[in-house]
Amino acid sequence: MKQGFIRSSIRRRLLLQLFIIAAILSLAFVLIVRAVAERAAADTQDNILLASATSIADALYSERGQVAVEIPYSALSMLGAISEDRVFYRVFVGDEHLTGYEDLLPPSQINDPFSTFVFRGAEVRSVAVTRVVSAGGRKRNTTVVVAQTRLGLAAISSRISVVAASVGVGFFLLATVLSLFAAQSTLAPLNRMTQSVARRGPNDLRPVETPAPSELAPLVDALNGLMARLKASLLQSEDFIAEAAHRVRTPLATVRAQAQVALRRSVQPENKAALRAMIRAVDESSRSAGQLLDHAMVSFRTDQLEVVPLDLVAITRETVSHLLPTAELKDLHIVEEYVATRSQIKGDEILLQNALRNLLDNAIKYTPAESKITVRVTDTDALTVSITDEGRGFGDADLSTLTHRFSRGKNVDDIVGSGLGLTIADEVVAAHGGRLELSCNTKGPGACVSLIFPAS
């Protein structure tokens, strides 16, 4: 749940960043397109104005010593064809007005070829073209001014703005869709790798082999390196525990034997009580060391589970036969009920034997003498091995905590135990895809522990 929330948060943050980038790029695109288009429209108007003024200037001629002009129709019609703007013109020789609008632009105000100003209540754009005309034996400087209102340019600018905004919105939507696709494509390998790691059990430290792009290769290498170091550390710890348990059990056996000899020779009641307490402590330590060794072995083998076809009934029979002498020492009767029509399972034989041995050993230990232990293998809903005893049961203990390491019920404090038997069985059945269930004996005192395996 937490990993999914983190992935969603990363995805939202990445998409938000991509949306912001797309919005900024779209806005920049709109502004640039509008500026370029308006500049192009303005240049087009200037070129037409210049062409019109040049056409009029080319029509200047000399007549009877004076400069004259016949305004070509095409000179003004080319401006009127663009829009409904008004067109003005003026021709003057030197400082003298020749034709056109006398108030258009006095010669003294002409500084640049192109200029923009307000004329007769409207903003106009004008161009001035100068020609030298020979008239009456003299060269006369003649200036042609053509102006046009800018309403058409404003309309063009408005249309350009609308088109640019539409294109910008389209660009933003396209960029958003592509950003979503890019984000999904970018996060997909990371999601696959995350799910691959999340599906693993706590002891699965194999290298990550999920295909990933080259950009994630350093992350995968670092993760695999970390898992390799963790695996080496865990193996070292398990080897240490196994070696320590093995080395502890041998001297404990010697101490117990010596304590038994001393107990038989002792006559003082207080000495006998002390020796019995010593023997009990040695038994508890020896059992704890043995189960620590079993647990280390289980942890190692569940990490590298050996899966082969097995007969669960045969494994259960063999385990019961090995512990039958121990049960007979307490005058316990083990009832075997194998009613499964199919008992095939794929798993690790050593682990299954270890789990069954720990459960059956617990039943023998906690069941009073001259009682009964029932071992059943059924396949009603799932393949199940149930071990039911007539001992003290689980009392008022929280059943969900009894499978934790070193956890024991308060009603068995006076019996030697390490609190690892149920832990080992739970880890073994979980490694085989099943579950462990704890319940009370429905036919009397005692407890029932079931190993439930999925149907193959």
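I take the bend at a residue as the angle between axes fitted to the seven residues ending there and the seven starting there. I work on a predicted model: local features need pLDDT of at least 70, side-chain atom pairs need pLDDT 80 or more, and totals for chains, interfaces and linings use all residues. I number residues from 1 along each chain as its sequence is written, and my side-chain values use heavy atoms, without hydrogens or water.

**Entry: helix 6**

I looked up the bend in helix 6 and found a kink of about 45° at L323, shortly before the proline P325. Helices here are DSSP runs of H or I with at least four residues, and strands are E runs of at least two, numbered from the N terminus.

I then checked the length of helix 6, residues 312–329. The expected span is 1.5 Å times one less than the number of residues. For these 18 residues that gives 26 Å, and the end C-alpha atoms are 26 Å apart, which agrees.

At the start of helix 6, I found a side-chain oxygen of D311 within 3.0 Å of the backbone nitrogen of V313. Just after the helix, D331 has a positive phi of about 60°.

Which residues of helix 6 are buried? I list L312, V313, I315, T316, T319, V320, L323 and A327. Buried means under 20% relative accessible area, exposed means over 50%, and partly exposed lies in between (1.4 Å probe, protein chains only).

**Entry: the cores**

I count as a nonpolar core a set of buried Ala, Val, Leu, Ile, Met, Phe, Trp, Tyr and Cys residues joined through side-chain atoms within 4.5 Å. The largest has 41 residues, and L360, I373, L451 and F453 touch the most other members. Among the elements that give it two or more residues are helix 6, helix 7 (349–366) and strand 14 (447–453). Helix 7 gives the largest share, eight residues.

A second, separate core has 20 residues, including A53, V67, A135 and V144.

**Entry: L25**

Is L25 buried, exposed or partly exposed? L25 is partly exposed, at a relative accessible area of 48%. L25 lies in helix 1, residues 2–58.

**Entry: whole protein**

I count eight helices and 14 strands. Buried residues are 39% of the 456.

Definitions and conventions
A polar contact is a pair of N or O atoms within 3.5 Å; within protein, one must be able to donate a hydrogen and the other to accept it, and residues adjacent in sequence count only if both atoms are side-chain atoms.
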